[in-house]
Amino acid sequence: MGSKLQIEADDSVLLRVTHSNLKSFSADVRFSLQSTVESVKDKLWKKCGTSVNSMSLELYDDTKSKICDLSDDSRHLGFYSPLDGYRIHVIDLDPSSVTSGGWLEDTSLVEKYTISDEAYAKRDGTYRKFKEKFVSQNPSAFQPKIADNFMEDLCANIKVGDRCEVEPGGKRGVVKFVGRAESLAPGFWVGVQYDEPLGKHDGLVKGVRYFDCPALHGGIVRPDKVKVGDYPERDPFEDEEI
């Protein structure tokens, strides 16, 4: 039994897989060295969505140096002598591929259903209506338990116009508001215009406008989530592989 397992292990290789269009895609996949390049493509198609006929493969070693193109579909993978830890890079040659344009990764490209505050207020059976009814029947349960000056001290070094980074996620942007927000919980808040569409609004929160910014670029967070300093806009191409 031990010798059989050794033979099977020697007949396969564990490779890292990356993709030309899917920047966040990375997977460790085990391949048989007896598999043809065409069967390798078929296995990869099921994992990343690029069709076999539109797929070109490159092999890189563990120092990130390109070894060769896997250009002969009839060759066995073992012909190219890959080792554990090497990388196969999938290049999608189809300009209309489902993997192109960022549709499989960037949720901001997906059209989202939105409803105006006025239309939502007219609906029955919503959480808002339930909460309003509950509050009217139990007013003491919703009395503020947070001091009005909550986190005020953390705002001492945060000023409108400062560049900042917001956690979680390391989202970068510009401070647009510092102070109390009457439509939110007591205490101090910081309004941020993010560099990218990572927010939830345009500065209008629960009917109160705290600042102006493009749609889906605005966020209001507690000051302990905000670090101000020299945080330049991120280069959208800095993580791309060459």
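Is Lys129 buried, partly exposed or exposed? Lys129 counts as partly exposed, because its relative accessibility is 28%. On this scale, buried means under 20% relative accessible area, exposed means over 50%, and partly exposed is in between (1.4 Å probe, protein chains only).

## About the model

This is a predicted model, in which local features need pLDDT of at least 70, side-chain atom pairs count only at pLDDT 80 or more, and totals for chains, interfaces and linings use all residues. Residues are numbered from 1 along each chain as its sequence is written, and side-chain values use heavy atoms, with hydrogens and water left out.

## Salt bridges

Let's go back to Lys129 and look at its partner. Lys129 forms a salt bridge with Asp124, with 3.5 Å between the closest N and O atoms. (A salt bridge here is a side-chain nitrogen of Lys or Arg within 4 Å of a carboxyl oxygen of Asp or Glu.) Asp124 counts as exposed because its relative accessibility is 69%.

Within helix H2 (residues 37-48), Lys46 and Asp42 sit four residues apart, about one turn of the helix. Helices (H or I, at least four residues) and strands (E, at least two) are DSSP runs, numbered from the N terminus. The side chains of Lys46 and Asp42 meet in a salt bridge of 3.5 Å, N to O. Lys46 is exposed, because its relative accessibility is 60%, whereas Asp42, at 32%, is partly exposed. Another pair is Asp202 and Arg209, whose closest N and O atoms are 3.4 Å apart. Asp202 is partly exposed at 26% relative accessibility, and Arg209 is partly exposed at 39%.

Now for some open space. The second largest pocket holds about 580 Å³. To find such spaces, a 1 Å grid is laid over the protein atoms alone: a cavity is a set of points where a 1.4 Å probe fits but cannot get out, while a pocket is an open set with protein on both sides within 12 Å along at least five of seven lines. Lining residues have an atom within 4 Å of a point. Grid points are joined across faces, edges and corners, and the volume is the space filled by probe spheres set on the points.

Which residues lie nearest the centre of this second largest pocket? They are Lys200, His201, Leu204, Val205 and Leu216, out of 24 lining residues. Helix H3 (117-121), strand S9 (204-205) and strand S11 (218-221) are the elements that give two or more residues to the lining. S11 provides the largest share, four residues. By type, the lining divides into 13 nonpolar, six polar and five charged residues. In this count, Ala, Val, Leu, Ile, Met, Phe, Trp, Tyr, Cys and Pro are nonpolar, Asp, Glu, Lys and Arg are charged, and the others, Gly among them, are polar.

Most residues other than glycine have a negative phi, and most peptide bonds are trans. Leu216, one of the residues nearest the pocket's centre, has a positive phi of about 65° although it is not a glycine. Leu216 is in the loop between S10 and S11, and is partly exposed, with a relative accessible area of 37%.

Lys206 also has a positive phi, of about 50°. You will find Lys206 in the loop between S9 and strand S10 (208-209), and it is exposed, with a relative accessible area of 61%. For a cis peptide bond, look at the link from Glu167 to Pro168, where omega is near 0°. Pro168 belongs to the loop between strand S6 (163-166) and strand S7 (171-180).

## Apart in sequence

Two pairs of residues let you compare sequence with space. Gly179 and Asn149 are 30 residues apart in sequence and 9.6 Å apart in space, C-alpha to C-alpha. Gly179 lies in strand S7 and counts as buried, because its relative accessibility is 8%.

Lys145 and Ala185 are 40 residues apart in sequence, with 9.4 Å between their C-alpha atoms. Lys145 is in the loop between H4 and S6, and is exposed, with a relative accessible area of 71%.
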